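These are my notebook entries on a structure that I am opening for the first time. I want to go from single strand pairs to helices, then to a few side chains, and end with the whole chain.

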Amino acid sequence: MVKISECSFGNIVINGTSYNEDILIVNDKVYTRIKELSKKYRKEYGHTPLSLDELKEYIDRYGKPKKIIIGTGHYGMMPITPDAMEYLESLKHENVEVIIDKTPNILNIIDRASSQNIPFMAIVHITC
């Protein structure tokens, strides 16, 4: 089970382990976000966005969950590319619940999905 005990700008504590970089949570496992797949869009967006390339890599690698939770940062500044948004919309038609909000607002949603054993994927931006 995932238990987030602390989240501040640039840091998140999950199950007693502190992470100071963006993360991916798949069910109860925590991984480092593969931002390299989205960095080529950084200049265009001013921040490294969540791209379709990155999103599809996660789905290919870990499978399609029942719920995708995206934390866009403490101030909601992480962009999501239009093609990634289109893909997320298409997943809704496949009964995948998609939740996108500022990072502080998604923490309880992650905890709840984990405690209820709902297959989920959370992409969590921990700064801006």
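**Entry 1**

How many bridges join S2 to strand S3, and in which direction do the two run? I found 3 bridges between S2 and S3 (residues 17-19), and the two strands run antiparallel. For my own record, helices (H or I, at least four residues) and strands (E, at least two) are DSSP runs numbered from the N terminus, and two strands pair if DSSP finds at least two bridges between them.

Before going on I noted what I am looking at: this is a predicted model, in which local features need pLDDT of at least 70 and side-chain atom pairs count only at pLDDT 80 or more, while totals for chains, interfaces and linings use all residues. Residues are numbered from 1 along each chain as its sequence is written, and side-chain values use heavy atoms, with hydrogens and water left out.

Back at S2 and S3, I saw that Ile-14 stands opposite Thr-17 in S3, and that the hairpin has 2 residues between its strands, with Asn-15 in the turn at a positive phi of about 50°.

I then asked which way the side chains of S2 point. Asn-11 and Val-13 point one way, Ile-12 and Ile-14 the other way, and all are buried, where buried means under 20% relative accessible area, exposed over 50% and partly exposed in between (1.4 Å probe, protein chains only).

In H3 (residues 82-92) I listed Ala-84, Tyr-87, Leu-88 and Leu-91 as buried. Seen down the axis of H3, these buried residues fall within an arc of 100°, so they line one face of the helix; the arc is that of the directions from the helix axis to the C-beta atoms. The face turned away from the buried side of H3 carries the exposed residues Pro-82 and Glu-86. What covers the buried residues of H3 includes H2, strand S6 (67-72) and strand S7 (97-101).

H4 (residues 103-115) has 13 residues and reaches 19 Å from its first C-alpha to its last, close to the 18 Å expected at 1.5 Å a residue, the expected span being 1.5 Å times one less than the number of residues. The buried residues of H4 include Ile-106, Leu-107, Ile-110 and Asp-111, and what the buried residues of H4 pack against includes S1, S2 and strand S8 (120-125). Just after H4, Asn-117 takes a positive phi of about 55°.

Is Glu-54 buried or exposed? Glu-54 counts as buried because its relative accessibility is 0%. Glu-54 is found in helix H2 (residues 52-62), and beyond four places in sequence it touches Arg-33, Ile-34, Lys-35, Leu-37, Ser-38 and Pro-49, contact meaning heavy atoms within 4.5 Å.

Ile-80, in the loop between S6 and H3, also counts as buried, at 16% relative accessibility. Leaving aside neighbours within four places in sequence, I found Ile-80 in contact with Leu-50, Ile-70, Thr-72, Met-85, Leu-88 and Ile-100.

**Entry 1: aromatic pairs**

Rings of Phe, Tyr and Trp (its six-membered ring) pair if their centres lie within 6.5 Å, with planes under 30 degrees apart counted as stacked, over 60 as edge-to-face and the rest as tilted. By this rule I counted 2 aromatic pairs. Phe-9 and Tyr-75 form a tilted pair, 6.0 Å centre to centre with 40° between the planes. The rings of Tyr-31 and Tyr-62 have their centres 4.9 Å apart and their planes at 35°, so this pair is tilted. Tyr-31 lies in strand S5 (residues 29-32) and Tyr-62 in helix H2, so the pair ties together parts that are 31 residues apart in sequence.

**Entry 2: the whole chain**

Last, I noted that the protein has 4 helices and 8 strands, and that buried residues make up 47% of its 128 residues.
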